[in-house]
Amino acid sequence: KACVLGAKNLGLHNDPDIAIKIRNNTNQLLVNETYEQLVAVPLIDPGVINDARVGAKSRRLIHHILIGHNNSELRTRPDRTKDEALLLALKIKTQYSDSSAWLADGFSGLVEKYSDDPNGKKGGGLVGWVEWGETVHEFQSAAFKLDRGVLSNPVLTDFGYHLILVEKIQPSSAALLSDSQYESFIIDISKGSVRNRLRSAAVAYDSLQLQL
């Protein structure tokens, strides 16, 4: 604010070159807001936005067991069908529930024995601290509804079935934002769910404007 007042005292806002820059930046801001409000936001499932409003206020230390199948997006695919992967994931969940293992040898042992995530085997299935928007929606939607120590039901993503376990929960940096800032943040991270559709939607919007 002090810099802006200083610039005005110097009369910089009356400089023709600077005035053009201000006008161009203003126009670009209006263009960006138009695309966001009229192109991007209508594409987003309201449920995704509502989930984000709740989930983005926390971050979670997450572990998981990944059960892949022969069509999953893994470098080394297991020789099992999608249905067999689901049945195995359900069996593992039962074993965890029966043992009340938490993160001691019980859960780590299940990771070592079953998980197809090569990066998580030695760390007790550790994914790490995760904030909303950092994983695929199916995974985060399940993870951010879990209480500590409760193993999720099998969650299907392109990588296979995940059994998700939350070790710790903390407030996220987004929780410190004002209400208006938080809402803008929610819309921004929710756009990730429709990112592959944004370009074609923008082209369609542009063509309609040119017709008018």
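Helices α2 and α8 are roughly perpendicular to each other, a term that covers angles of 65 to 115 degrees, whereas angles under 35 degrees count as roughly parallel, over 145 as roughly antiparallel and the rest as oblique. In this predicted model, local features need pLDDT of at least 70 and side-chain atom pairs count only at pLDDT 80 or more, while totals for chains, interfaces and linings use all residues. Residues are numbered from 1 along each chain as its sequence is written, and side-chain values use heavy atoms, with hydrogens and water left out.

The angle between α2 (residues 16-40) and α8 (residues 195-211) is about 100°, and their axes lie 10 Å apart. Axes are lines fitted to C-alpha atoms, for helices over the stretch in contact, and angles run from 0 to 180 degrees between N-to-C directions. Helices (H or I, at least four residues) and strands (E, at least two) are DSSP runs, numbered from the N terminus. On the α2 side, the contact (heavy atoms within 4.5 Å) is made by Thr34, Tyr35, Leu38, Val39 and Ala40; α8 contributes Leu198, Ala201, Ala202, Tyr205 and Asp206. These residues divide into 8 nonpolar, 1 polar and 1 charged. In this classification Ala, Val, Leu, Ile, Met, Phe, Trp, Tyr, Cys and Pro count as nonpolar, Asp, Glu, Lys and Arg as charged, and the others, Gly among them, as polar.

An open sheet is formed by 4 strands in the order β2-β1-β4-β3, with antiparallel pairing; two strands pair if DSSP finds at least two bridges between them. The edge strands, each pairing on one side only, are β2 (126-131) and β3 (155-157). From one strand to the next, the twist averages 45°. Strand β1 (residues 58-67) pairs with β2 over 5 bridges, and Leu61 has Trp129 of β2 as its bridge partner. The pairing of β1 with β4 (residues 160-171) extends over 10 bridges; here Ile62 is partnered by Val166 of β4. Between β3 and β4 there are 3 bridges, with Gly160 of β4 as the partner of Thr157. A hairpin connects β3 to β4 through 2 residues.

The largest pocket has a volume of about 300 Å³. Pockets and cavities are defined on a 1 Å grid over the protein atoms alone: a cavity is a set of points where a 1.4 Å probe fits but cannot get out, and a pocket is an open set with protein on both sides within 12 Å along at least five of seven lines; lining residues have an atom within 4 Å of a point. Grid points are joined across faces, edges and corners, and a volume is the space filled by probe spheres set on the points. Of the 17 lining residues of the largest pocket, His64, Leu66, Asp117, Phe159 and His162 lie nearest its centre. Strands β1 and β2 each supply at least two residues of this lining, which has 8 nonpolar, 5 polar and 4 charged residues.

The second largest pocket has a volume of about 250 Å³, and its lining includes Val48, Trp132, Ile189 and Ser193. Helices α6 (137-143) and α7 (179-190) each supply at least two lining residues, and α6 gives the most, with 3. By class, this lining comprises 4 nonpolar, 7 polar and 1 charged.
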